[in-house]
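Please look through this report with the structure open beside you. Turn the model as you read, and find each residue when it is named.

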Amino acid sequence: MIVVTGATGNVGRALVDRLVAADRPVRALTRDPGRAGLPARAEVVRFRPDDPAALFTGATGLFLYAQAVGDRPADLLRAAREAGVRHVVLLSSAIITEGADETHPIHVMHATVERAVRDSGLEWTFLRPGAFATNTLQWAPQIRTGDTVRGVFAGSRSAPIHEDDIAAVAERALLDPGHEGAVHRLSGPRATTNAEQVAAIGRALGRELTFVEVPPEQAGPELFPHVPPAVLEGLLNTFRAAVDAPPEITDTVEKITGDPARTFARWAEDHAPDFRRP
Ligand SMILES: NC(=O)c1ccc[n+]([C@@H]2O[C@H](COP(=O)([O-])OP(=O)(O)OC[C@H]3O[C@@H](n4cnc5c(N)ncnc54)[C@H](OP(=O)(O)O)[C@@H]3O)[C@@H](O)[C@H]2O)c1
């Protein structure tokens with residue numbers, strides 16, 4: 001039995017779908033089972049961090065989101081180990097790297113959970129992906145209502161990764177031997193700018209879309225409604241730095257899954273309905 005936290009998340013849902021398709025028993029944890037829309041063949045369980053033992057009965061593997069451990073990660077991990085879980089695959093972040101700004105809130109969150117996992121006595125695998133292709137869903141409201149996208153740093157580059165490629169690596173790490181103690185840095189196959197990503201979404205929709213650059217000092221809640229103000233400054237700095245620096249590109253997805261990482265154009269085709277006008 002594999003327990004998947006954040007089972008309604010971009011990566012968590014893709015992983016649940018994969019495990020169900022592979023006929024593996026999967027327990028999908030979500031804070032709101034009633035709204036989760038998870039596959040019937042998954043055992044859907046309400047995530048209650050105050051009663052963690054009940055979450056892990058009969059499980060041997062755990063897919064963990066840093067968000068899901070709460071402020072006492074050691075307690076959740078101890079409960080998992082005591083219930084018989086042996087291996088945890090943590091969705092961490094490429095932000096954890098040599099020379100990183102260790103005060104960046106996203107770094108702090110992932111570094112804290114990585115440390116707790118290392119100290120837990122469980123076998124572990126860390127997935128450290130770079131930018132998710134799903135980040136571009138932030139443009140969906142603008143694309144549904146017009147042909148321009150206002151955003152910061154048209155030339156900011158990333159190598160966006162398809163959420164199902166992260167899930168595919170997680171699946172292999174959970175089901176195959178040999179990933180214990182491994183850190184997998186993951187990316188999409190090539191660098192694209194924000195402006196190129198908007199154009200690619202347009203092609204997937206059969207429309208011509210244009211990126212309109214907004215000065216970063218004017219970027220506020222209107223452009224980043226889901227980003228807490230404390231995180232926004234760090235995020236803008238990351239985007240600014242990515243105008244000149246090429247993103248990290250790895251071939252880890254292909255090495256582990258046997259399939260090349262999917263392109264952003266392919267992701268845009270897969271997600272075209274998310275950008276369509278109602
Ligand atoms: N976006 C990027 O470019 C990027 C890059 C590298 C790493 N990451 C990391 O990847 C993760 C985001 O992945 P994603 O896009 O798949 O996530 P997502 O779609 O935002 O989903 C996260 C899921 O975790 C659950 N969750 C959220 N807060 C929780 C809490 N306090 N307690 C328990 N469960 C909670 C939610 O499930 P329920 O509501 O069903 O409980 C939610 O569906 C983050 O840790 C992020 O730092 C992101």
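Predicted model: local features only at pLDDT ≥ 70, side-chain atom pairs only at ≥ 80, totals over all residues.

## Ala-14 and its contacts

Ala-14 is in contact with Glu-163, Asp-164 and Ala-167, leaving aside its neighbours within four places in sequence. Along the chain, Ala-14 and Asp-164 are 150 residues apart. Their C-alpha atoms, however, are separated by 5.6 Å.

Ala-14 is found in helix H1. A residue needs 20 or more to count as buried.

## Helix H1

Helix H1 covers residues 10-21, which makes 12 residues.

Seven names make up the buried list of H1: Val-11, Gly-12, Arg-13, Leu-15, Val-16, Arg-18 and Leu-19. An α-helix has 3.6 residues a turn, so residues three or four places apart point the same way. What do the buried residues of H1 pack against? Their partners are strands E1 (2-4), E2 (26-30), E4 (61-65) and E5 (87-91), along with helix H7 (163-175).

## Around the ligand

H1 also matters for the list of residues around the ligand: it gives the largest share of that shell, three residues. In total, 24 residues surround the ligand. The closest are Gly-6, Thr-8, Gly-9, Asn-10 and Thr-30.

What kinds of residue form this shell? It holds 12 nonpolar, 10 polar and two charged residues.

## The nonpolar core

The largest nonpolar core has 62 residues. Val-4, Val-88, Leu-90 and Ala-170 have the most contacts inside it. Helix H7 supplies the largest share of this core, seven residues. Where does the core lie? Domain 1 and domain 2 both give residues to it, so it lies between them.

Ala-170 shows some of these links. Beyond its neighbours within four places in sequence, Ala-170 is in contact with Leu-15, Phe-63, Val-89 and Leu-127. Leu-15 is one of the buried residues of H1.

## Two domains

The chain is divided into domain 1 (2-129) and domain 2 (133-160 + 188-247 + 260-278). Taken over C-alpha atoms, the centres of the two domains are 27 Å apart.

How many residues of each domain are in contact with the other? Four residues of domain 1 are in contact with four residues of domain 2. On the side of domain 1 that touches domain 2, two residues are nonpolar, two are polar and none is charged.

Glu-213 is found in strand E11, residues 210-213. It counts as partly exposed because it has 15 C-beta neighbours inside 10 Å. Not counting residues up to four places away in sequence, Glu-213 touches Phe-153 and Ala-154. Thr-250 is 37 residues from Glu-213 along the chain, and their C-alpha atoms are separated by 29 Å.

Pro-141 is found in helix H6, residues 140-145. Why does Pro-141 count as exposed? It has 12 other C-beta atoms within 10 Å, and a residue with 12 or fewer is exposed. Pro-141 and Val-3 are 138 residues apart in sequence. In space, they are 33 Å apart, C-alpha to C-alpha.

Methods
Residues numbered from 1 in each chain as written. Helix = DSSP H or I, 4+ residues; strand = E, 2+ residues; numbered from the N terminus. Expected span 1.5 Å × (residues − 1). Contact = placed C-beta atoms within 7 Å. Core = buried A, V, L, I, M, F, W, Y, C linked by C-beta atoms within 7 Å. Domains from an automatic or database assignment. Near = placed C-beta within 6 Å. Nonpolar A, V, L, I, M, F, W, Y, C, P; charged D, E, K, R; others polar.
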